Amino acid sequence: MAEINWDDFEKVELRVGTVLEVEEFPEARKPAYKLLVDFGEAGVRRSSAQITKHYQREELVGKQVIGVCNFPRKQIGRFFSEVLITGFADANGDIVLAVPERTVPNGSKLC
C-alpha cells in the first residue's frame, strides 16, 4: 500500500449527504440504483451505486451516506455520476454502505 501524507488526505472531499431519491438503473451493467443525495453546501448530486444486494430503494431515502465529492463526473451509459458513494465489500463482494453512526449536518466533511 502506498503511503500518503496529510496534504494528500486533505484533497479528498469526503462529505455526508442525505439520500433524497432512489431510482432503478436497469441499463447499468451491474445491478445499481441512481441516487440523488443532498450534500448541503456541496450541493445536491447524483450517483450510481451498486448497493442493490443489501438495500431496498425505500429504506435508502432519508439515509445519510458518505461520498467523495471532488472526483470528476463519470459517465455510466446515459447517466452522469457526480459523486462516489463509499462502502465496503462483504465476504461475497456485495457493497455495505459507509455511514455516520449518528446524524450530522449535510455537507459535513470527514475530519
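Start by selecting Arg29. Arg29 sits in the loop between β1 and β2. Strands here are DSSP runs (E, at least two residues) and helices are runs of H or I, at least four residues, numbered from the N terminus. Arg29 is exposed, at 88% relative accessibility. Exposed means over 50% relative accessible area, buried under 20%, and partly exposed in between (1.4 Å probe, protein chains only). Arg29 and Gly77 lie 48 residues apart in sequence, and 9.0 Å apart in space, C-alpha to C-alpha.

A word on what is on screen. This is a predicted model, where local features need pLDDT of at least 70, side-chain atom pairs count only at pLDDT 80 or more, and totals for chains, interfaces and linings use all residues. Residues are numbered from 1 along each chain as its sequence is written, and side-chain values use heavy atoms, with hydrogens and water left out.

Next stop: the core. Select Leu35, Ile51, Leu60 and Ile85. Of the 16 residues in the largest nonpolar core, these four touch the most other members. A nonpolar core is a set of buried Ala, Val, Leu, Ile, Met, Phe, Trp, Tyr and Cys residues joined through side-chain atoms within 4.5 Å. β1 (14-24) and β2 (33-38) each supply at least two residues of this core. The most come from β2, which gives three. In soluble globular proteins, nonpolar side chains tend to be buried together.

Stay on Leu60. Which residues is Leu60 in contact with, leaving aside its neighbours within four places in sequence? They are Val19, Val22, Tyr33, Leu35, Ile51, Tyr55 and Leu97. Contact means heavy atoms within 4.5 Å. Then find the second, separate core of five residues, which includes Leu14, Val16, Ile66 and Ala98.

Now the largest pocket. Its volume is about 610 Å³. A pocket is found on a 1 Å grid over the protein atoms alone: an open set of points where a 1.4 Å probe fits, with protein on both sides within 12 Å along at least five of seven lines, and lining residues have an atom within 4 Å of a point. Points are joined across faces, edges and corners, and the volume is the space filled by probe spheres set on them. Select Ser48, Gln50, Lys74, Ile76 and Leu84, the closest to the pocket centre among its 25 lining residues. Then show β3 (44-49), β5 (74-76), β7 (84-85) and β9 (95-97), the elements that give two or more residues to this lining. β3 gives the most, with three residues. Colour the lining by type: 13 nonpolar, seven polar and five charged. Asp, Glu, Lys and Arg count as charged; Ala, Val, Leu, Ile, Met, Phe, Trp, Tyr, Cys and Pro as nonpolar; the others, Gly among them, as polar.

Go to Asp90, in the loop between β8 (87-89) and β9. Asp90 is partly exposed, at 24% relative accessibility. Beyond its neighbours within four places in sequence, Asp90 is in contact with His54 and Val96. Gln50 is 40 residues from Asp90 in sequence and 13 Å away in space, C-alpha to C-alpha.

Finish with the cysteines. How many disulfides does the whole structure hold? The search finds zero; a disulfide is a pair of cysteine sulfur atoms within 2.5 Å. The reason is distance: the sulfur of Cys69 is 15 Å from the closest cysteine sulfur, in Cys111, too far for a bond. Cys69 is buried, with a relative accessible area of 8%, whereas Cys111 is exposed at 92%.
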